[in-house]
There are 2 protein chains.
Amino acid sequence: MRRTKEDSEQTREDILNASVRIFSEKGVSQATLDEIAKAANVTRGAIYWHFENKFQIFEALHDRLHQPFVSMILQDLEKDHPEPLQQLRDLWISLLLELDEDEQKKQALTLFVIKSDYSGELAKYKDMHCSSKNESMKLFQRYFEKAKKMGKLPENADPEVLTQAVYCFMKGILFEYLNDQEGFDLKNRAPALINLFFKCFDQ
Amino acid sequence: MRRTKEDSEQTREDILNASVRIFSEKGVSQATLDEIAKAANVTRGAIYWHFENKFQIFEALHDRLHQPFVSMILQDLEKDHPEPLQQLRDLWISLLLELDEDEQKKQALTLFVIKSDYSGELAKYKDMHCSSKNESMKLFQRYFEKAKKMGKLPENADPEVLTQAVYCFMKGILFEYLNDQEGFDLKNRAPALINLFFKCFDQ
DNA sequence: CTACAAACATACACGCATGTATGTATATTG
DNA sequence: CAATATACATACATGCGTGTATGTTTGTAG
């Protein structure tokens with residue numbers, strides 16, 4: 001059953017897509033390669049052909065999902081918005097609203113925000129996760145630095161602290177929403193929550 | 001090796017204490033009963049005598065840790081503070097600062113905030129977790145309801161939204177801190193972060 | 001003082017997930 | 001058109017964690 005090169009690439013994608021689903025449903029450590037194989041309509045043989053083990057899949061998924069996010073933020077930072085804080089606020093609101101309607105993204109975020117605790121078997125990937133977290137935090141910090149340079153923030157405001165605050169808030173929202181999607185009316189609450197938070201910069 | 005009743009209760013406690021450690025280090029699903037047994041200086045036989053299985057330990061831990069938290073908040077709510085928002089703010093700051101120096105509490109919170117994703121084997125306990133979450137959120141909401149009755153909040157402020165906002169923020173802080181304790185200088189940042197957030201109510 | 005049962009420790013059987021070894025069909029290359 | 005490597009599927013061996021069955025000691029009730 002030798003397949004062509006495109007076929008092969010397709011099965012690789014199938015495996016990755018199935019992995020996101022299974023990982024986000026059961027958690028990485030509870031997910032089994034056989035489940036993933038069945039969800040991707042292949043056998044474990046195919047998985048072991050494309051990946052060394054379960055954690056290589058995890059790593060591949062991380063790359064596939066982190067990079068688009070970073071480049072999207074970078075693109076947003078290119079724009080010379082007159083109100084960087086407002087820009088960041090709107091970015092987050094639209095991100096949350098898009099998330100609410102994108103099952104794929106929800107699964108991916110569920111996987112990396114909730115279902116992977118980077119302990120035990122996943123411990124080796126903690127550094128990877130931390131550094132990509134720091135990478136995106138640095139990007140968010142640039143919004144605040146812009147705002148400060150434009151005099152939109154008080155002199156004593158520390159962009160690093162503000163970034164950490166926003167990051168924690170967003171992480172909390174994502175966490176609560178992804179943990180109980182029925183109990184969290186994101187579509188209606190997201191603007192209210194974000195707007196409320198960004199009020200603390202308006203003084 | 002029949003032990004007295006107090007001995008028995010002690011081993012039960014030993015098992016629970018060891019479980020918090022192992023669970024918070026490896027995650028519930030990756031923790032094995034043999035590890036727990038060794039950490040508690042007993043055998044798996046002792047564990048199976050006191051508990052049905054791993055998840056019964058988890059349940060027992062949840063009870064042991066949730067109830068003191070609730071009663072602590074209830075006690076704080078008894079006080080008739082003239083500024084409920086300030087009271088809530090100070091409560092959170094002191095909770096975070098205490099946490100920073102209490103290894104036991106850190107382990108417990110790590111377990112329930114990060115290491116248990118309530119999927120797969122833990123799915124049955126999701127309801128339990130959600131209802132105890134809602135219970136504590138209702139308690140936090142009472143601070144805002146108090147404040148509103150006292151005219152400390154604008155007429156159109158929705159205590160439920162405000163509660164959700166604070167809860168998400170705190171969850172995010174806890175999550176980030178527990179995930180990378182070295183990278184999060186909680187002792188110095190906690191007051192700054194909390195104070196910043198509570199500013200959005202001062203208008 | 002002697003049953004009996006509590007409080008474990010030890011031993012065993014089972015299933016399940018992993019990794020690897022092997023088989024196989026087919027695209028591709030010379 | 002043969003030879004080879006690719007892209008898997010299948011089969012097998014292994015280990016590990018769980019649950020349970022059984023053994024053992026000792027506090028305790030009568």
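## Contacts and pairs in a predicted two-chain model

Mentor: Chain B and chain A meet through 40 residues of chain B and 40 residues of chain A. Keep in mind that this is a predicted model.

Trainee: What makes a residue of chain B count as in contact with chain A?

Mentor: A distance does. Contact requires heavy atoms within 4.5 Å. On chain B, 40 residues are in contact with chain A.

Trainee: How much area is buried between chain B and chain A?

Mentor: About 3600 Å², and carbon and sulfur atoms give 56% of it. That area is summed over both sides.

Trainee: How many salt bridges are there between chain B and chain A?

Mentor: Six. One pair to look at is E176(A) with K133(B).

Trainee: Why is the pair E176(A) and K133(B) called a salt bridge?

Mentor: The closest N and O atoms of E176(A) and K133(B) are 3.0 Å apart. The rule asks for a Lys or Arg side-chain nitrogen within 4 Å of an Asp or Glu carboxyl oxygen. The pair E176(A) and K133(B) is therefore called a salt bridge.

Trainee: How many residue pairs are in polar contact across the interface of chain B and chain A?

Mentor: The rule finds 23, with both residues at pLDDT 80 or more.

Trainee: Which helices of chain B each supply at least two residues of the side that touches chain A?

Mentor: They are α1 (5–26), α6 (103–114), α7 (126–149), α8 (159–179) and α9 (186–198) of chain B. α8(B) gives the most, with 14 residues. By class, that side of chain B has 18 nonpolar, nine polar and 13 charged residues.

Trainee: Now chain A. What pattern does chain A follow along the sequence?

Mentor: α-α-α-α-α-α-α-α-α. Chain A has nine helices and zero strands. Its C-alpha atoms fill a box of roughly 65 × 35 × 30 Å along the principal axes.

Trainee: Which domains does the assignment give for chain A?

Mentor: Domain 1 (1–51) and domain 2 (63–201). The centres of domain 1 and domain 2 of chain A, taken over C-alpha atoms, are separated by 29 Å. Their contact takes 11 residues from domain 1 and nine residues from domain 2 of chain A.

Trainee: What area do domain 1 and domain 2 of chain A bury between them?

Mentor: About 840 Å², with 61% of it on carbon and sulfur atoms. In domain 1 of chain A, the residues that lose the most area to domain 2 are V20(A), S24(A) and V28(A). Together they make up 54% of what that side buries.

Trainee: How do you know that E13(A) and R64(A) form a salt bridge?

Mentor: Their closest N and O atoms are 2.8 Å apart. The cut-off is 4 Å, so the pair E13(A) and R64(A) qualifies. Across the interface of domain 1 and domain 2 of chain A, the rule finds one salt bridge. Two residue pairs are in polar contact there. The residues of domain 1 of chain A that touch domain 2 divide into four nonpolar, four polar and three charged.

Trainee: What makes D34(A) and K38(A) a salt bridge, and where do they lie?

Mentor: Their closest N and O atoms are 3.0 Å apart, so they fall within 4 Å. D34(A) and K38(A) both lie in helix α2 (residues 33–39) of chain A. They are four residues apart, about one turn of the helix. Over all chains, the search finds 22 salt bridges.

Trainee: And aromatic pairs? Why is the pair W92(A) and F140(A) called tilted?

Mentor: The structure holds 29 aromatic pairs over all chains. For W92(A) and F140(A), the centres are 5.2 Å apart and the planes make 35°. Centres within 6.5 Å count as a pair. Stacked needs under 30 degrees and edge-to-face over 60, so 35° is tilted.

Trainee: Which parts of chain A does the pair W92(A) and F140(A) tie together?

Mentor: W92(A) lies in helix α5 (residues 84–100) and F140(A) in helix α7 (residues 126–149) of chain A, so the pair ties together parts 48 residues apart in sequence.

Notes:
Residues are numbered from 1 along each chain as its sequence is written. Chains are lettered from A and ligands numbered from 1 in the order in which they are written. This is a predicted model: local features need pLDDT of at least 70, side-chain atom pairs count only at pLDDT 80 or more; totals for chains, interfaces and linings use all residues. Side-chain values use heavy atoms; hydrogens and water are left out. Domain bounds come from an automatic or database domain assignment. Buried area is the accessible area (1.4 Å probe) that two parts lose on being put together, summed over both. A polar contact is a pair of N or O atoms within 3.5 Å; within protein, one must be able to donate a hydrogen and the other to accept it, and residues adjacent in sequence count only if both atoms are side-chain atoms. Ala, Val, Leu, Ile, Met, Phe, Trp, Tyr, Cys and Pro count as nonpolar, Asp, Glu, Lys and Arg as charged, and the others, Gly among them, as polar. Rings of Phe, Tyr and Trp (its six-membered ring) pair if their centres lie within 6.5 Å; planes under 30 degrees apart count as stacked, over 60 as edge-to-face and the rest as tilted.
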